[in-house]
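Hi,

Here is the structure you asked for. My notes follow below it.

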Amino acid sequence: MSARLFTPRALARNKAPVLDFLAPLTLTPRTTLPQRPRRRHQSTTPHSPSNPHAPTPSSAASSNLAPPTNAATAATNPPNPTKPIHELTPSQRGFLSSALRVNQTGELAAILIYAAQSPQLVRSHPHLRPLMKHMYDQEAGHYKFFNEVIRKHRIRPTAMTPVWTAAASVLGWGTAFLGREAAMACTEAVETEIGTHYNEQVRVLLDWAGKCEARGETLGPELESLIGELRRIRDEELEHLDHAVENDAKEARPYELLTETIRAGCRGAIWVSERV
Ligand SMILES: [Fe+2]
Ligand SMILES: [Fe+2]
């Protein structure tokens, strides 16, 4: 586990696929767009409903938001004759921006919690080393994914990042100082809240997809791929929760006070990060 994993240079090496659903608003300043009637366009990428997580293009021309920017783009990307792709409303864009901002800072906090807990826990309980590394590595993957997404779409990180960074490190160090059970109770509390948070995002996106379907539209391969990523990450968070319970999280004392305090803190951090 190394902080070098999260340096800008290290992140730049990460070539994980990045979605492009907000690109038209961010890659091209609105003031420079040619003034012409907006129109929906169709996907330029073959997309099978049976494989919604297939690799998707990252060009703005393929986004469910982006009108073709020139004739060459349109010529090289013939429209898909299937369902039209839904154009996100401003409120939908706002929801995605807030959610992805929270996801990015939440994953950073998770990394810092595990990084602060691991030295103390592994020193006292060497058998926990593989588990702590496993969970840390998964959090690192989550952070890289959301970090790339918000950088690509120029979603601003929360202004509270320095505060959450300090709070997460203190939380990780403090719970590990209290002992293995308290450290695991911290994981249980955090993962309960973050799992709920990801579930809510999946629910909203599936609701959008259902309404699109009813209108004869599709949400588009990029957002469908995002749903898949959110489900995968949510499942990994819930796996961490299970590991924490298996490792005596509920034996922490005082369990209720500790977990309810941490959960309230997580909910507060999510609420603030959505707005600030
Ligand atoms: Fe995570
Ligand atoms: Fe996690």
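**A buried glutamate and what surrounds it**

Glu-139 is buried, because 24 other C-beta atoms lie within 10 Å. Bear in mind that this is a predicted model. Glu-139 sits in helix α5, residues 129-152. Setting aside residues up to four places away in sequence, Glu-139 touches Glu-107, Ala-110, Ile-111 and Tyr-114.

Why start there? Glu-139 is one of the positions that UniProt lists under "binding site", in an unreviewed entry.

His-240 belongs to helix α8, residues 221-246. Is His-240 buried or exposed? It counts as buried, because 23 C-beta neighbours fall inside 10 Å. Leaving out neighbours within four places in sequence, His-240 is in contact with Met-135, Thr-187 and Glu-191.

**Helix packing**

Two helix pairs are described here. Two packed helices are described by the angle between their axes and the distance between the axes.

Take α4 (residues 90-124) and α7 (residues 180-214) to begin with. Their axes come within 11 Å and cross at roughly 160 degrees. α4 and α7 are therefore roughly antiparallel to each other. Their crossing is left-handed. On the α4 side, the contact is made by Gln-92, Phe-95, Ala-99, Val-102, Gly-106, Ala-110, Ile-113, Gln-117, Leu-121 and Ser-124. On the α7 side, it is made by Arg-180, Ala-183, Cys-186, Val-190, Ile-194, His-197, Gln-201, Val-204 and Trp-208. By type, the residues of this contact are 12 nonpolar, 6 polar and 1 charged.

Next, α6 (residues 161-178) against α7. The axes are 5 Å apart, and the packing angle is about 140 degrees. That makes α6 oblique to α7. The crossing of α6 and α7 is right-handed. From α6, the contact uses Leu-171, Thr-175, Ala-176 and Leu-178. From α7, it uses Ala-182, Ala-183 and Cys-186. The contact of α6 with α7 has 6 nonpolar residues, 1 polar and no charged.

**Two more residues to look at**

Arg-180 lies in α7. Arg-180 is buried, because 20 other C-beta atoms lie within 10 Å, and the cut-off for buried is 20 or more. Which residues does Arg-180 touch, not counting those up to four places away in sequence? They are Leu-121, Ser-124, His-125, Asn-247 and Asp-248. Arg-180 and Ala-252 are 72 residues apart along the chain, and their C-alpha atoms are separated by 8.1 Å.

Thr-165 is in α6. Thr-165 is partly exposed, with 15 other C-beta atoms within 10 Å. Beyond residues up to four places away in sequence, Thr-165 touches Leu-108 and Leu-112. Thr-165 and Gly-106 are 59 residues apart in sequence, and their C-alpha atoms are 9.7 Å apart in space.

Best wishes

Terms used:
Residues are numbered from 1 along each chain as its sequence is written. Chains are lettered from A and ligands numbered from 1 in the order in which they are written. This is a predicted model: local features need pLDDT of at least 70, side-chain atom pairs count only at pLDDT 80 or more; totals for chains, interfaces and linings use all residues. Axes are lines fitted to C-alpha atoms, for helices over the stretch in contact, and angles run from 0 to 180 degrees between N-to-C directions. Helices (H or I, at least four residues) and strands (E, at least two) are DSSP runs, numbered from the N terminus. Angles under 35 degrees count as roughly parallel, over 145 as roughly antiparallel, 65 to 115 as roughly perpendicular and the rest as oblique. A crossing is left-handed if the near helix is turned anticlockwise from the far one by less than a right angle, and right-handed if clockwise. Two residues are in contact if their C-beta atoms, placed from the backbone, lie within 7 Å. Ala, Val, Leu, Ile, Met, Phe, Trp, Tyr, Cys and Pro count as nonpolar, Asp, Glu, Lys and Arg as charged, and the others, Gly among them, as polar. UniProt positions are given in the numbering used here, feature names are shortened, and annotations may be inferred rather than shown by experiment. A residue is buried if 20 or more other C-beta atoms lie within 10 Å of its own, exposed if 12 or fewer, and partly exposed in between; C-beta atoms are placed from the backbone.
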